[in-house]
Amino acid sequence: MDGVLPAGDAQPEWRSDMIDVSGMSLSELDPFARTLDDSPLAHALRRVAEDVTRSREPIAGFNSAL
Amino acid sequence: MRRHTLPDAAFAALAAGRPDAATVDELTRAQLGRHLLMLRAIVRAAPEQTHDGYAALAAADPAAVRAVVADPIVGLWAASCLAALTRGEDPEHAGIERLARLAAAAGAHGLAEQADHRRLRASRDGLTIDVRLEDSDPVRARFGLTPADRLTDGDVVCWQEHLDKAWDLLVGRHREAAAVLAAVLRVIVPVKPDPGVRGISATSADAYGAVAISAPATATELAVGLLHEAQHSVLNAVRYLFELHAGPDTLGYSPWRDDPRPPSGVLHGAYAYLAVTRFWRTEARAGGGAVAAFEFARWRAAVASAAEGLLASDGLTAAGRRFVGGLRDEVRPWLSEPVPPDVERLATAANAEHRARWRLRNLAVDPSAVRTLADAWRAGRPRPVGDPPTRVVPAPGRALASSDRVRLAHQLLAGGAGDEEPVPGGDTPQRWTGLALVSPQPALRETPEIVAAVYRALGDPTVDPEELAAWLSS
């Protein structure tokens, strides 16, 4: 889970549990390649799948009229 | 494989609504990654229908593919398609054919697709905003607002004129916010105005960088609306990477909505209105007049109150506490900045009116406790100890805040005489809200829904609400 590096670290940071796949090509993200259930990629895929199936209303709306 | 990471200082600046370019870049890359993951999942869910399209996409120029896939509307489509496939819907019904069109767009370096789209572009002092006007893709209806009809050339000219003026304003006096907007905003989806309010806008967690917004009446409205919605996009991207709230989704008060909202909704509102408050703070300091000061005073109090409420509640994660704490720390110093006393009074009254109206609309008082109070009143006994329990029973439908009092305040501050209708008598929300604003009785000011409930239970129109409120306050 996201968290901060232990106290005393020179540069504390917040680390997401989502990996950065933005630089991966579509070939590298081969849909038919087997991913280990506990791999970071598998976790990211599960998370994305959960996100889209959860009911999420659009964030609306702002009345900007003055 | 690297995880998405933000240094704590960058996270705090992001929470304060002042992300730097590197932070925005990290969020934007994460959203591209999300789109790529969704594409992969779509292909895996419907391999027969998508194999060729995915192969074509994989063979196209990688930079062109990233540009096409990163588009907010692609995110909106991919989320909808993947959700439908996960539910077991037929791939064709899920919209699977769009994958092949993505491949074609990437193969043509996006030029064919771009040629059909309207673009708005504005530049000033080295800062440029460049967005697509999306007025035809059926997916745009998923913002939950009614899409505007296809724009005429004249409509596009109007949009460009408003954006030009809005950009002049933003770059001229709000450059830091303008830089974030330019980095985040990619698509504007024109929508029809909401009948209940004049201007309306929306974002979607599945469409980072897109804003659905009705045609603005003024450049200022456009500027404020875009700043507001860009904050929602940014927060959606933050929440994709970091869980900020893990507690129960208990519905509660939101200063900018007439309906109850979960904690995530309150946080969204606080973050978006942080940008709005900062905008009006700058405008007021730049001689923006009483209306600017009113908007600043009104929203600074609302944002601070919402942030404090979230921090006092259970459910924020460690990242959530850091984020909301950073938001609170940004707005808190603004609370002591001076505004003209009459403006402050109007702003305080507007917020108090909203709170009272919200309570009367959404809180149901325990009926047996109401009967106990009514019986005690009729018998001339002292008020029983303790407030009756209340629970949130939302009225149906989403409800943006719409206040005659705010409209009246704007009229008065703009030098007008105001055209307020007389407050009706009888047992109406307007009457109870009005009483709550002017009454010296704590029960009316703080829990008008209880006074109103007991008044109704008594069924006697000769009962003086002030007298009843004084008894309930004792």
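Chain A holds one helix and three strands, with helices taken as DSSP runs of H or I of at least four residues and strands as E runs of at least two, numbered from the N terminus. Along the sequence, the order in chain A is β-β-α-β. This is a predicted model, so to speak of local features takes a pLDDT of at least 70 and side-chain atom pairs count only at pLDDT 80 or more, while totals for chains, interfaces and linings use all residues. Residues are numbered from 1 along each chain as its sequence is written, chains are lettered from A and ligands numbered from 1 in the order in which they are written, and side-chain values use heavy atoms, with hydrogens and water left out.

Of the 66 residues in chain A, 42% are buried, where buried is under 20% relative accessible area, exposed is over 50% and partly exposed lies in between (1.4 Å probe, protein chains only). The accessible surface of chain A is about 3,600 Å², and carbon and sulfur atoms own 51% of that; the areas come from the Shrake-Rupley method with a 1.4 Å probe, and for residues only the protein chains shown count as cover.

Next, the interface. Chain A brings 41 residues to the contact and chain B brings 68, contact being heavy atoms within 4.5 Å. Together the two chains bury about 5,000 Å², with 63% of it on carbon and sulfur atoms; buried area here is the accessible area (1.4 Å probe) lost on putting two parts together, summed over both. Two salt bridges turn up across the interface, each a side-chain nitrogen of Lys or Arg within 4 Å of a carboxyl oxygen of Asp or Glu. D20(A) and R29(B) form a salt bridge through their side chains, at 3.2 Å from N to O. On the chain B side, the residues touching chain A split into 33 nonpolar, 15 polar and 20 charged, with Ala, Val, Leu, Ile, Met, Phe, Trp, Tyr, Cys and Pro as nonpolar, Asp, Glu, Lys and Arg as charged, and the others, Gly among them, as polar.

Within chain B, L413(B) sits in helix 17 (residues 404–413). L413(B) counts as buried because its relative accessibility is 16%. Beyond its neighbours within four places in sequence, L413(B) touches A290(B), V291(B), F294(B), V343(B) and L346(B).

As for helix 18 (residues 429–438) of chain B, its buried residues are W432(B), T433(B), G434(B), L435(B) and A436(B). These pack against helix 15 (341–362), helix 19 (442–446), helix 20 (448–458) and helix 21 (465–473) of chain B.
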